[in-house]
Amino acid sequence: ASAGRSMTRWIFSLALNLLLYGGFIATLTHGKVVSVYFASRHGTRAPNPILAQICPGLHPTLKRFEEIGISPAGVTGNGLREMYSVGVFARERYVKEEGLLSEYWDPLQIRMVAAAEDRTLQSGSAFGQGMYGGPPHFENYREPVPIAMNATKGQDNLGEARKGACLARLASDSAKWDEEFGVPYWRKHSEVIKELSDMCGVDLKLSLDYSDGLENMGDAIKDVTDAMMFAIREGFPLQFNMTLFAKARMIALKQLYGRLLGTREQQTYMVGLFPEAMKTHFERAIEKDPLRHAIFGYHGHRELLYALSSFFHFSFNFPQVGFYKHGIPSATTLFFELHDLDETEAKQAGVSGSGHYVRLVVF
């Protein structure tokens with residue numbers, strides 16, 4: 001079949017053992033993996049700098065991050081381990097099982113880029129170290145795989161269209177969602193907002209001082225509940241009870257998804273150039289372009305993964321408290337695998353006819 005006909009048969013097969021914080025997905029045996037395109041969220045981090053301003057009551061928690069040497073928004077040791085584990089999985093699958101990559105890093109085989117943030121670049125580096133051991137004469141170390149910054153901040157339309165070409169449109173659409181759904185929603189849950197405000201020592205409704213043009217109660221709740229979630233992940237003594245965290249996180253996720261993906265148009269433009277770039281990447285693999293990379297990876301933020309789930313019509317459903325439908329843990333990675341199936345393999349996979357198919361593996 002031609003590349004065009006093959007690409008029309010994209011099938012995204014989900015429910016492949018969604019794992020939290022490391023581990024391996026069971027061996028996938030249908031067909032040969034000929035190319036991979038992935039998107040990854042950074043590892044667990046310290047709270048954003050704004051938290052000290054909008055929730056001074058969590059100062060003891062912020063202090064604990066400082067005491068373990070992590071600056072605001074910096075990736076923690078646990079976050080680096082998470083990303084290292086994803087890299088180990090990629091090594092097992094694409095080096096050892098599939099033979100798609102060489103044992104040692106080869107820039108002609110794999111390219112990884114990251115959003116213009118320290119935490120995404122650092123997460124990508126930890127991923128690379130998990131993927132590759134040191135070459136001869138460097139055997140006792142992990143290979144320092146280079147991660148390129150995809151574009152300067154505000155110009156990254158591959159994975160950060162919300163801060164690039166679509167910034168103004170997103171601000172307008174978010175404001176409309178706030179007015180119609182957001183404000184009534186958090187007012188409906190005003191008791192939870194009051195509990196959070198009591199914990200923070202300030203009235204969250206009055207404490208916002210953002211400079212990005214997106215002032216919103218949902219931003220404050222997201223930042224506060226992020227801090228709570230990261231404190232849980234780090235095993236710190238908690239300044240809050242889990243019931244409050246669970247209720248507040250549900251509100252945060254509702255607001256986050258609504259503001260980013262509340263309309264069909266947002267569900268299209270929020271993915272930026274990612275689907276088109278992935279399609280081109282796979283077409284080059286099908287055409288056996290000698291200059292192609294076998295694997296391309298983008299290290300970014302949760303918002304891209306949320307946008308991809310809406311664009312391709314699948315959802316996340318991690319069972320842990322604070323995730324619910326849509327929420328994802330740090331280091332979650334979407335591996336889009338291009339498979340070449342013969343008739344027998346296609347039948348085993350439950351698809352019609354031989355050819356190229358895309359399977360989604362979620363770590």
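Me: To get started, how many residues does the protein have, and what share of them count as buried?
Reply: The protein has 363 residues, and 54% of them count as buried, where buried means under 20% relative accessible area, exposed means over 50% and partly exposed lies in between, with a 1.4 Å probe and protein chains only. This is a predicted model, in which local features need pLDDT of at least 70 and side-chain atom pairs count only at pLDDT 80 or more, while totals for chains, interfaces and linings use all residues. Residues are numbered from 1 along each chain as its sequence is written, and side-chain values use heavy atoms, with hydrogens and water left out.

Me: OK, and how many helices and strands are there?
Reply: The secondary structure comes to 13 helices and six strands; these are DSSP runs numbered from the N terminus, with helices being H or I of at least four residues and strands being E of at least two.

Me: What share of the contacts join residues at least 24 apart?
Reply: Among contacts between residues at least 6 apart in sequence, 78% join residues at least 24 apart, a contact being heavy atoms within 4.5 Å.

Me: Switching topic, which residues does the disulfide join?
Reply: The structure holds one disulfide, which joins Cys55 to Cys200 with an S to S distance of 2.0 Å; the term is used for a pair of cysteine sulfur atoms within 2.5 Å. The pair links distant parts of the chain, 145 residues apart, with Cys55 in the loop between α2 (51-54) and α3 (59-67) and Cys200 in helix α7 (residues 190-200).

Me: Why is the disulfide of Cys55 and Cys200 left-handed?
Reply: The torsion about the S-S bond of Cys55 and Cys200 is about -90°, so the disulfide is left-handed.

Me: Is Cys55 buried or exposed? And Cys200, buried or exposed?
Reply: Cys55 is buried, with a relative accessible area of 0%, and Cys200 is buried as well, at 1%.

Me: Now the core: which residues have the most contacts inside the largest one?
Reply: Met199, Val224, Phe274 and Phe336 have the most contacts inside the largest nonpolar core, which has 73 residues. Helix α9 (residues 242-261) gives the largest share of this core, ten residues. Apart from it lies another core, of 26 residues, including Val36, Met131, Tyr132 and Phe335. A nonpolar core here is a set of buried Ala, Val, Leu, Ile, Met, Phe, Trp, Tyr and Cys residues joined through side-chain atoms within 4.5 Å.

Me: What does Phe274 touch?
Reply: Leaving aside residues up to four places away in sequence, Phe274 touches Tyr37, Phe38, Ala39, Leu158, Tyr298, Leu304, Leu308 and Phe336.

Me: Which residues form an aromatic cluster?
Reply: Tyr37, Phe274, Phe296, Phe311, Phe312 and Phe336 form one aromatic cluster, and a search of the whole structure finds 17 aromatic pairs. Rings of Phe, Tyr and Trp (its six-membered ring) pair if their centres lie within 6.5 Å, and planes under 30 degrees apart count as stacked, over 60 as edge-to-face and the rest as tilted.

Me: Why is the pair of Phe311 and Phe312 edge-to-face?
Reply: The ring centres of Phe311 and Phe312 are 5.0 Å apart and their planes are at 90°, so the pair is edge-to-face. Phe311 counts as partly exposed at 28% relative accessibility, whereas Phe312 is buried, with a relative accessible area of 16%. Phe312 also forms an aromatic pair with Phe336, this one tilted, with 5.7 Å from centre to centre and 50° between the planes.

Me: Which charged end sits over the ring of Tyr185?
Reply: The charged end of Lys254 sits over the ring of Tyr185, 5.8 Å from its centre, and Arg187 lies over the face of Trp186, at 5.8 Å from the ring centre. For this, NZ of Lys or CZ of Arg must be within 6 Å of the ring centre and within 35 degrees of the ring normal.

Me: Last topic, backbone: what phi does Lys288 have?
Reply: Lys288 has a positive phi of about 60° although it is not a glycine. Most residues other than glycine have a negative phi. Lys288 lies in the loop between α11 (274-286) and β4 (295-300) and counts as exposed at 61% relative accessibility. Ala331, also not a glycine, has a positive phi of about 75°; Ala331 is in the loop between α12 and β5 and is buried, with a relative accessible area of 4%.
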